[in-house]
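User: Hi! Could you walk me through this model?
Analyst: Happy to, here it is.
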Amino acid sequence: MTQFISLGSGSSGNAYYLRSADRALLLDCGLVYRNLEPLFSKYGLSKNIAAILLTHEHADHVRGVGRTAEVMHLPVYATKKVYEAMFQRKYVTRPVPEALRRCLEVGKPICIEPFTVTPIHVPHDSADNVGYFIDCGDGTRLLLLTDVGEFLPEMEAFVPQATHIVIETNYDPDMLRTGKYPARLKRRIASGTGHSANPDTAAFLVKTLTPATKHIFLCHLSADNNRPELAQATVTETLRRERPDLAELPPITPLPRLTPSGVYEL
């Protein structure tokens, strides 16, 4: 049975754990090692992690990767642009040791047994940003799309293949518009290289979702411009209204920002 745990999902730090056949991946590493290590011990995770995969270089996704990779002797996969920006801009507390660096290319699958991982281009105001389509080798196929400025046609083909989806619902448009953020930051968040709004994610799923998907996890919710129940309601109600052909919707679960989600059996 494949297992999934969100260790943190939000601007304070993102990290997701995916295990299949006694091997695991850590997707992003925005929590520092001293905070990750107790979670690894609590859930018995540290012995079977095979690699760390990074989406992009912003601190909330990479802050702890250097120390974690060094202590646990884990290879770290990222695109060349992400590596270059991560070290130049000092987004990490410690660089990834050179011997542990592995480069990815968008659209080119890699094999980390038992996983087959395909990086997908995702627009965001970082040097580069990828999502991941991960075939776990047991029939489970997870799609991760986070920090999505815009949903592109090239992403659409992966949704019908996915049994499980982790997808960003960062903000509610009305909360962002009337909230306390300065105008410049509001424009950045709502831009085509910012983050995805609840209605945008709902519209993307309306267009692409099939009965093959068994669970949808909503990730990277803003602390100031969203609420878990609002994100969940927007996606659920939009799908019910626009996709009556889906007789039964999969569970739609907002992931907690600051605490682990607990273990999901996929």
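Analyst: First, a term: contact means heavy atoms within 4.5 Å. Helices (H or I, at least four residues) and strands (E, at least two) are DSSP runs, numbered from the N terminus. This is a predicted model, where local features need pLDDT of at least 70, side-chain atom pairs count only at pLDDT 80 or more, and totals for chains, interfaces and linings use all residues. Residues are numbered from 1 along each chain as its sequence is written, and side-chain values use heavy atoms, with hydrogens and water left out.
User: Thanks! What do the buried residues of helix 9 pack against?
Analyst: They pack against helix 8 (198-208), strand 12 (215-219) and strand 13 (252-254).
User: And which residues of helix 9 are buried?
Analyst: Ala-231, Thr-234, Val-235, Thr-236, Thr-238 and Leu-239. Buried means under 20% relative accessible area, exposed over 50%, partly exposed in between (1.4 Å probe, protein chains only).
User: New topic: how many residues of strand 2 are buried?
Analyst: Six of the six in strand 2 (residues 15-20). Ala-15, Tyr-17 and Arg-19 lie on one side, with Tyr-16, Leu-18 and Ser-20 on the other.
User: How many bridges join strand 1 to strand 2?
Analyst: Five, and the two strands run antiparallel. Strands pair if DSSP finds at least two bridges between them. Leu-18 in strand 2 is the bridge partner of Phe-4.
User: What sits between strand 2 and strand 3?
Analyst: Two residues, in a hairpin; Ala-21 in the turn has a positive phi of about 55°. Across that pair, Tyr-17 has Leu-26 of strand 3 as bridge partner.
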